[in-house]
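Reader: Before I rely on any label in this model, I would like to see each one set against its definition. Could you take me through them?

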Amino acid sequence: MATVSCGGNKQEINSNILHVYSWAEYIPTEVFEGFEKETGIKVVEDIYSTNEEMFTKLKAGATGYDLVMPSPDYVEIMIKEQMLDKIDKTKISTFENIDKDMLEKLAVFDANNDYSVPYTVSSTLIAVNTKYVKDYPRDYSIYEREDLKGKMSLLDDMREVMGAALGMCGYPQDVADEKAFKEAEAKINSWKKNIAKFDSESFGKNFASGDFWVVQGYGENIYMELTDEQKKTTDFIIPEKGGIFSLDSFVILKTAPNKEAAHKFMEYIHKPEVYAMIADYLVVPSINVPARELTKEKPLFQMEDLKNSQLLRDTTATLPMQNRYWEKIKGGF
């Protein structure tokens with residue numbers, strides 16, 4: 001056995017262990033258990049809370065991870081940084097189950113899908129409590145409603161909020177025009193005066209408690225906080241304008257010690273019966289076509305709801321400009 005460093009700690013390479021670096025509670029434990037039962041390979045999972053945290057840790061030299069699951073903007077960044085190994089799709093017999101439209105979305109920066117295998121589609125939503133809010137627009141202009149002042153929140157996330165504002169102003173998220181950012185700043189300031197706070201941590205709990213009636217956030221984080229009765233009076237909106245969606249994918253690091261097991265795990269994930277369990281667990285549309293016949297839960301949104309949304313892309317080139325405007329927006333709040 002050779003020795004590697006996983007998260008800074010030296011570990012021995014074992015062909016029967018797969019190291020996955022992922023988001024918390026993103027993959028059901030039943031999937032890990034089923035994979036181990038079928039293959040004899042045990043999955044060891046390490047958790048990150050943001051793409052930035054994951055990327056910084058890997059760039060600082062952490063090794064030993066086999067599979068990582070970045071959002072598309074960071075897949076794009078990691079390809080450019082030459083951090084990823086090409087995926088051998090001949091070792092993933094279930095790859096053909098993946099929705100071709102989703103593969104085409106990633107192909108804009110990952111030609112031939114050489115470096116990424118999609119895991120799930122998700123979208124930043126606006127949750128509305130229909131018990132208190134009536135006759136509302138289905139986009140971010142709801143945040144201009146002065147009658148809802150103090151009862152709304154936006155994510156404390158520069159990319160999410162700036163991307164939404166740029167989209168509402170008719171610009172793509174990777175625009176580099178100063179004029180576009182000035183317009184986005186004005187748009188966000190028109191929302192800012194009506195929100196209680198920027199919140200990326202407790203938006204789900206605050207919505208469920210009734211403290212806030214309109215929140216920007218991630219559907220699964222809100223849904224899990226709601227009672228069955230509350231779900232009946234919650235409208236999950238995919239914004240018709242300014243919407244952004246993510247297609248988180250598995251990638252294999254160049255430094256991955258167990259690439260064979262990594263391919264086996266991706267193959268297992270996209271078995272229809274396994275993927276149906278994942279889609280139901282996350283309450284999202286299935287990107288695995290055969291699995292759609294096996295799902296039991298109604299997803300929080302449908303694929304067609306994303307038709308006007310932009311895929312999350314790398315905006316590193318405009319980061320200094322984004323930061324400058326975001327600091328002005330957040331100043332004094």
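Author: Leu 125 has Gly 217 as its bridge partner in S10. The model is a predicted one, in which local features need pLDDT of at least 70 and side-chain atom pairs count only at pLDDT 80 or more, while totals for chains, interfaces and linings use all residues. Residues are numbered from 1 along each chain as its sequence is written, and side-chain values use heavy atoms, with hydrogens and water left out.

Reader: What makes S7 and S10 a pair?

Author: Two strands pair if DSSP finds at least two bridges between them, and S7 (residues 117–129) is joined to S10 by five bridges in the antiparallel sense. S8 (residues 152–154) pairs with S10 in the parallel sense over two bridges, and Ser 153 stands opposite Val 215 there.

Reader: Why is S10 called largely enclosed?

Author: Buried means under 20% relative accessible area, with exposed over 50% and partly exposed in between, for a 1.4 Å probe and protein chains only. Four of the five residues of S10 (residues 214–218) are buried, so the strand is largely enclosed by the rest of the structure.

Reader: Why are H1 and H10 called oblique to each other?

Author: Helix H1 (residues 29–39) packs against helix H10 (residues 259–269) at about 120°, with the axes 11 Å apart. Angles under 35 degrees count as roughly parallel, over 145 as roughly antiparallel, 65 to 115 as roughly perpendicular and the rest as oblique; H1 and H10 are therefore oblique.

Key: Axes are lines fitted to C-alpha atoms, for helices over the stretch in contact, and angles run from 0 to 180 degrees between N-to-C directions.
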